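Subject: Structure handover

Hello,

Here is the structure I promised. Please open it alongside this email.

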Amino acid sequence: MLCAVSVLTVVGCAGGPSQTALNTSVGVESVARAESRGEGAKTVQVAAAPAVSSNVMLVANKNVLPAATDPTVEPAEDPFYDPFAKSDEPAGGEEYDPWEPLNTKVFEFNRQVDRWVLKPAAQGYNAVVPNPVQIGISNLFYNIRFPSRLINNLAQGKLSGAGTEVGRFLLNSTFGLGGLVDVAKYMDITTPEEDTGQTLGYYGMKPGPYVVLPFLPPFTLRDLIGYVGDIALNPINWMVFPIIEVNGIPSLVAHHNRTTSSIAQIGGRVEEILNDRSLNLEKFQGVEEATLDLYTAVKNAYIQKRRNAIRE
């Protein structure tokens, strides 16, 4: 068991930071988020409400129209409300997407990569690797990214969340076999995941344009900056397999041995992506089949999720 944990730790250390549940190389994955990491088939919460365009939702939901026309009915809270938006900015549903022509092309490229490469590979992976092992690997990667979550809780003044993150890390790293088992979840020790993008939003930085890049999840410009920040905050990236060199700080793999670090980093990232895609095969297929405008659905789901995360 100790050997297995050691091997998994080496593989997992290469994984870079991810945006909670939205953490693979295809934009489709931002529609779903893993909510449980320790039991049976992994439960995934699909962003069903924004999974179709706002116009379709207005027609599909018969309860929406009376609320919009009947003055006696109190309007529901706007799910796209941005507490940092200025009065001259567009409404929540009017997302800032000036690069949409390019974004849609990159989004379609990512879809085809998922269709012809990632999904078939994940299906083969799923046939070989048992589901409990996949869940353990997912837990391990999540546990490794603990420093970034802790720092961002502290940066936002969320001392309770920071304490919870420390408690989760200690429990899962010891009784959870290095993070393979999410012991803290069974003890109901949970807290919202915090990242650098949320911290920037907390301090008033506007989200900026919506961005879709090859082989990465979708971002706003603010969250893309935060994504790079999360990589820098992960000590694995400069103390174990360094892609960031810090003078005076030793690393497990010497700085000059870039080949070893690169192989470990790429291998860990591929493993994390493949493992997450395997855990969510049926969920993502259901989202694609039930959605008329997948690009808009992913964008709206992502923007809504990020705004809600900052408001928490």
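This is a predicted model: local features need pLDDT of at least 70, side-chain atom pairs count only at pLDDT 80 or more; totals for chains, interfaces and linings use all residues.

Residues are numbered from 1 along each chain as its sequence is written, and side-chain values use heavy atoms, with hydrogens and water left out.

Helix 6

Helix 6 covers residues 146–155. Helices here are DSSP runs (H or I, at least four residues), numbered from the N terminus. Of its 10 residues, 7 are buried. Buried means under 20% relative accessible area (1.4 Å probe, protein chains only). The buried ones are Phe146, Pro147, Ser148, Arg149, Leu150, Asn152 and Asn153. Their cover includes helix 5 (131–144), helix 7 (159–174), helix 9 (196–202) and helix 10. Gly157 follows helix 6 and has a positive phi, near 75°.

Helix 5 against helix 6

The axes of helix 5 and helix 6 come within 5 Å and cross at roughly 45°. Axes are lines fitted to C-alpha atoms, for helices over the stretch in contact, and angles run from 0 to 180 degrees between N-to-C directions. The two helices are therefore oblique to each other. Tyr142, Asn143 and Ile144 of helix 5 meet Phe146, Pro147 and Arg149 of helix 6. Contact means heavy atoms within 4.5 Å. By class, this contact has 4 nonpolar, 1 polar and 1 charged residues. Ala, Val, Leu, Ile, Met, Phe, Trp, Tyr, Cys and Pro count as nonpolar, Asp, Glu, Lys and Arg as charged, and the others, Gly among them, as polar.

Helix 4 against helix 13

Helix 4 (residues 100–128) and helix 13 (residues 281–290) have axes that come within 11 Å and cross at roughly 150°. Helix 4 and helix 13 are therefore roughly antiparallel. Helix 4 contributes Arg111, Lys119, Ala122, Gln123 and Asn126 to the contact, and helix 13 contributes Leu281, Gln285 and Glu288. These residues divide into 2 nonpolar, 3 polar and 3 charged.

Asp223

Asp223 sits in helix 10 (residues 221–233). Is Asp223 buried or exposed? Asp223 is buried, with a relative accessible area of 1%. The side chains of Asp223 and Tyr302 are joined by a polar contact of 2.6 Å. A polar contact is a pair of N or O atoms within 3.5 Å; within protein, one must be able to donate a hydrogen and the other to accept it, and residues adjacent in sequence count only if both atoms are side-chain atoms.

Best wishes

Methods. Angles under 35 degrees count as roughly parallel, over 145 as roughly antiparallel, 65 to 115 as roughly perpendicular and the rest as oblique. Buried means under 20% relative accessible area, exposed over 50%, partly exposed in between (1.4 Å probe, protein chains only).
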